[in-house]
Amino acid sequence: MVVSPATGEEKPVVEGEETTEAREAPTFDQSKVFRLLGDAAEHFDEIASLPESHWLRRDQERANRDIDDLIEDALEVMDVPEIVGMREDFRALEGRIASEQNDIAELRERRMFAPDTDASTLSRFTPTDTLRSMTASTRGDFDRLIEAREANIEAYEEELEGLKRGMSESLGSIGLEMPPDQLELWLSSAIGDDVVSMGVVFQSIRTITLRLEELTRESGENLGVASRYYGMVVMLHRLVVSMQAGFVEKVDDEILPHLQAYRDEADDIIAESRELIRNGGNRVGLESNIAANELTKRAIDLYLKIVKSQREKVADALEISEREHQVAINTYRTVRLSSNVADLIRDGLGTFEALSDLQVPETAEFQNEEIRQEFRLLTERLNG
């Protein structure tokens with residue numbers, strides 16, 4: 001039996017059974033995004049008539065805060081809900097695996113001090129694992145409990161594989177190619193949600209921009225209507241800048257400092273262990289500590305490599321985004337005099353697609369199972 005992370009219900013896992021089905025391309029609430037971007041564009045349009053700052057009346061600062069709130073809401077809607085749910089399911093399964101591994105470690109500790117006999121009668125006939133854990137008294141009892149949790153981990157890992165395939169297919173259906181193995185590494189990292197989210201949002205931006213171009217052409221380039229639609233494109237540029245700047249800030253202020261601190265800690269433990277060996281400490285135990293921390297350092301180095309690489313990609317794209325945002329603002333000021341607004345919107349689409357291509361994550365996979373486990377542990381610490 002395996003517990004679905006989405007519902008909490010138990011269900012059997014049949015060997016060879018596919019855990020995902022063919023899906024239609026996931027969608028988002030486009031009408032809501034239009035409304036949010038339209039409201040943001042109206043606030044942007046009023047800024048020129050507002051005082052820069054005022055104690056009592058509406059001012060530019062307040063208008064900009066309103067724009068940022070609307071953009072944040074639009075960003076959440078454009079991060080396709082179905083794919084967000086799959087990412088949450090992935091996290092839930094990883095959490096269950098970690099919980100089972102912790103339980104196994106505790107059971108092995110209790111087993112060490114139990115009588116070396118087969119499973120007790122009471123434990124054999126106790127109906128649930130929780131009750132069996134409470135009544136376990138022999139090594140045989142603990143062996144049964146450990147086997148059950150190992151079976152749970154195997155089932156959860158199987159469900160993870162199905163979920164990765166399903167998520168990869170869903171991303172592919174909206175134009176974002178990410179193979180299951182590569183997806184696992186990103187989702188097992190502290191920036192994985194951000195990387196996938198940005199990719200999804202760029203695809204949503206493409207959809208919205210095409211709609212705006214189509215509506216502008218259908219309006220016959222009515223300048224009042226076209227101006228509003230181009231104002232929404234300006235808000236999309238602002239959304240991209242906000243999304244990218246937030247990612248760079250998170251990496252610089254949170255992820256990289258913590259990872260470097262973990263690496264420094266591992267180096268300190270290794271140095272201390274070697275000093276203790278030189279002073280006659282237990283060589284076997286201390287060399288085991290050294291090996292464990294060397295493994296941790298390898299995982300941290302992989303973590304640092306992919307985080308820094310993606311950070312640089314997004315930072316480079318951010319420079320372009322900020323410049324293109326200013327260009328879009330300048331264009332908006334003259335758009336009422338233009339007769340080719342649809343073409344200008346199409347130009348914006350080209351910019352968004354180029355920015356999306358700049359952020360495509362590099363292909364990277366776990367080197368082995370030990371690195372995978374260390375990677376997950378590091379992510380738990382970073383998210384803790």
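Leaving aside its neighbours within four places in sequence, with which residues is Leu 256 in contact? In this predicted model, Leu 256 touches Val 251, Leu 304, Val 307 and Lys 308, once neighbours within four places are set aside. Leu 256 lies in helix α9, which spans residues 223–278. Its relative accessibility is 18%, so Leu 256 counts as buried; the cut-off for this class is under 20%. Tyr 303 stands 47 residues away along the chain. Even so, the C-alpha atoms of Leu 256 and Tyr 303 are separated by 9.3 Å.

Helix α9 also meets helix α1, residues 30–46. Two packed helices are described by the angle between their axes and the distance between the axes. The axes of α1 and α9 come within 8 Å and cross at roughly 95 degrees. Angles of 65 to 115 degrees count as roughly perpendicular, and α1 and α9 are therefore roughly perpendicular to each other. On the α1 side, the contact involves Phe 34, Leu 37, Gly 38, Ala 40, Ala 41 and Phe 44. Their partners in α9 are Arg 228, Gly 231, Met 232, Val 234, Met 235 and Leu 236. By class, the residues of this contact are nine nonpolar, two polar and one charged.

A further partner of α9 is α12. The axes of α9 and α12 come within 11 Å, with a crossing angle of roughly 120 degrees. The two helices are therefore oblique to each other. The crossing of α9 and α12 is right-handed. Helix α9 contributes Ile 255, His 258, Leu 259, Tyr 262 and Glu 265 to the contact. Helix α12 supplies Leu 378, Arg 381 and Leu 382. Here five residues are nonpolar, one is polar and two are charged.

The largest nonpolar core has 96 residues. The largest share, 18 residues, comes from α9. The residues with the most contacts inside this core are Met 78, Ile 205, Ile 208, Leu 212, Tyr 230 and Val 307. Val 307 is also one of the contacts of Leu 256. Beyond its neighbours within four places in sequence, Ile 208 is in contact with Phe 28, Gln 30, Val 33, Phe 34, Leu 37, Met 78 and Leu 236.

Helix α7, residues 180–187, is mostly covered. Six of its eight residues are buried. These are Gln 182, Leu 183, Glu 184, Leu 185, Trp 186 and Leu 187. The buried residues of α7 pack against α3, α6, α8, α10 and α12.

Terms used
Residues are numbered from 1 along each chain as its sequence is written. This is a predicted model: local features need pLDDT of at least 70, side-chain atom pairs count only at pLDDT 80 or more; totals for chains, interfaces and linings use all residues. Side-chain values use heavy atoms; hydrogens and water are left out. Helices (H or I, at least four residues) and strands (E, at least two) are DSSP runs, numbered from the N terminus. Buried means under 20% relative accessible area, exposed over 50%, partly exposed in between (1.4 Å probe, protein chains only). Contact means heavy atoms within 4.5 Å. Axes are lines fitted to C-alpha atoms, for helices over the stretch in contact, and angles run from 0 to 180 degrees between N-to-C directions. Angles under 35 degrees count as roughly parallel, over 145 as roughly antiparallel, 65 to 115 as roughly perpendicular and the rest as oblique. Ala, Val, Leu, Ile, Met, Phe, Trp, Tyr, Cys and Pro count as nonpolar, Asp, Glu, Lys and Arg as charged, and the others, Gly among them, as polar. A nonpolar core is a set of buried Ala, Val, Leu, Ile, Met, Phe, Trp, Tyr and Cys residues joined through side-chain atoms within 4.5 Å. A crossing is left-handed if the near helix is turned anticlockwise from the far one by less than a right angle, and right-handed if clockwise.
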